[in-house]
Amino acid sequence: MKRIVTAFLLLSLFSNGVMARESDSSRFIEVTGSAEMWVEPDEILFVIRIKEFWEEEFQEGTKPEDYRTKVPIAVIEKRLKKDLEQIGIDRENIRVQNVGDYWRERGRDFTISKQLELKLTDFSKIDQIIDRVDTRGIDYMNIVELRNDRLQEYRKQVKVEALKSAREKAEYLLAGAGLGKRVGEVIFIMEPEEGMTGGGISQSYLSNISMSGAGETGRFDNLRKIKLRYEMRVRFELE
């Protein structure tokens, strides 16, 4: 008999707990708050890919089968680094990322490519690169990452503002609906997932962060910035 009574009491407590949770669940409001911030980068990673080419490519009227004079990758790299130094980019801020071999034309010699990564602090340097370097042998140029040393601090600020926004939203929704309820304590907060832990933003990570584009001309006339944006889902108790 004692075991039966004990089992009955446990079942009763479990049932009461479920009822209490169900009762509490009808006394909350759940909203999503958002906030954003624009941050100026203090470091820009810019990639230039160079590839061997034939001098005859730039001679009018020539065909691929007429190409004979290949310009070695070492010559292209030396010329590019000299141009970059004249712009004011130190060699210590230039590093080789990777090297590859490619077929230029079927049945012809391999061509070698190199990818150089530049650390810049000023977008005007990119304009100078576009305007002043010899583009023969340059296969590709692109901004791959924007960085800021205080990015983690700015992330925290944006998340706090998103939480404040959630409370404000809950308050005006309740006031507008005329339900006679007020926003109480926080029941839970659902934070966004973090996709990276470093101090920079790559183009492959744009869920909460994006980079503002260039002007309509496609040039880098406008200073690009890092955009931090977060949404926080928050459940508040009703009073």
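Okay, so let's start with the largest pocket, which has a volume of about 160 Å³. Keep in mind that what you're looking at is a predicted model. Which residues line that pocket? You'll find Asp42, Glu43, Gly88, Ile89, Asp90, Asn93, Lys119, Leu120, Thr121, Asp122 and Lys125 around it. If you sort that lining by class, you get 2 nonpolar, 3 polar and 6 charged residues.

Now, a quick word on how you look for spaces like this. Rolling a probe the size of a water molecule over the atoms shows where empty space is left. About 40 Å³ of space lies in the largest cavity. Its lining is made up of Ile50, Ile76, Arg79, Leu80, Asp83, Asp134, Arg136 and Ile138. Which helix gives the most to that lining? That's helix 2, residues 73-87, with 4 residues. By class, the cavity lining splits into 4 nonpolar and 4 charged residues, with no polar ones.

Valine 133 sits in the loop between helix 3, which is 124-132, and strand 7. Is valine 133 buried or exposed? Its relative accessible area is 6%, and the cut-off for buried is under 20%, so valine 133 is buried. What is it touching? Leaving aside its neighbours within four places in sequence, valine 133 is in contact with Leu80, Asp83, Leu84, Ile87, Gln128 and Ile138. There's also arginine 79: valine 133 and arginine 79 are 54 residues apart in sequence, but C-alpha to C-alpha they're 8.7 Å apart in space.

Okay, on to the strands. Find strand 2, residues 43-51. Strand 2 pairs with strand 7, residues 138-147, in the antiparallel sense, over 8 bridges. Strand 2 also pairs with strand 6, residues 110-120, again antiparallel and over 8 bridges. In strand 7, arginine 49 stands opposite tyrosine 140, and in strand 6 its bridge partner is glutamine 115. Then go to valine 47, whose bridge partner in strand 6 is glutamate 117.

So why call strand 6 largely enclosed by the rest of the structure? Because 8 of its 11 residues are buried.

For a contrast, take glycine 180. You'll find glycine 180 in the loop between helix 4, at 151-177, and strand 8, at 183-190. Glycine 180 has 72% relative accessibility, and exposed means over 50%, so glycine 180 counts as exposed.

Last bit: let's zoom out to the whole chain. The secondary structure comes to 4 helices and 11 strands. Of the 239 residues, 32% count as buried. The accessible surface comes to about 15,100 Å², and 49% of that belongs to carbon and sulfur atoms. And how about contacts? Take the ones between residues at least 6 apart in sequence: 75% of those join residues at least 24 apart.

Methods. Residues numbered from 1 in each chain as written. Predicted model: local features only at pLDDT ≥ 70, side-chain atom pairs only at ≥ 80, totals over all residues. Heavy atoms only, no water. Pairing = 2+ DSSP bridges. Helix = DSSP H or I, 4+ residues; strand = E, 2+ residues; numbered from the N terminus. 1 Å grid on protein atoms, 1.4 Å probe; cavity = no way out; pocket = protein on both sides within 12 Å on 5 of 7 lines; lining within 4 Å. Points joined across faces, edges and corners; volume = space filled by probe spheres on them. Nonpolar A, V, L, I, M, F, W, Y, C, P; charged D, E, K, R; others polar. Buried < 20%, exposed > 50% of the residue type's maximum accessible area, 1.4 Å probe, protein only. Contact = heavy atoms within 4.5 Å. Areas by Shrake-Rupley, 256 points an atom, 1.4 Å probe, with all protein chains shown as cover.
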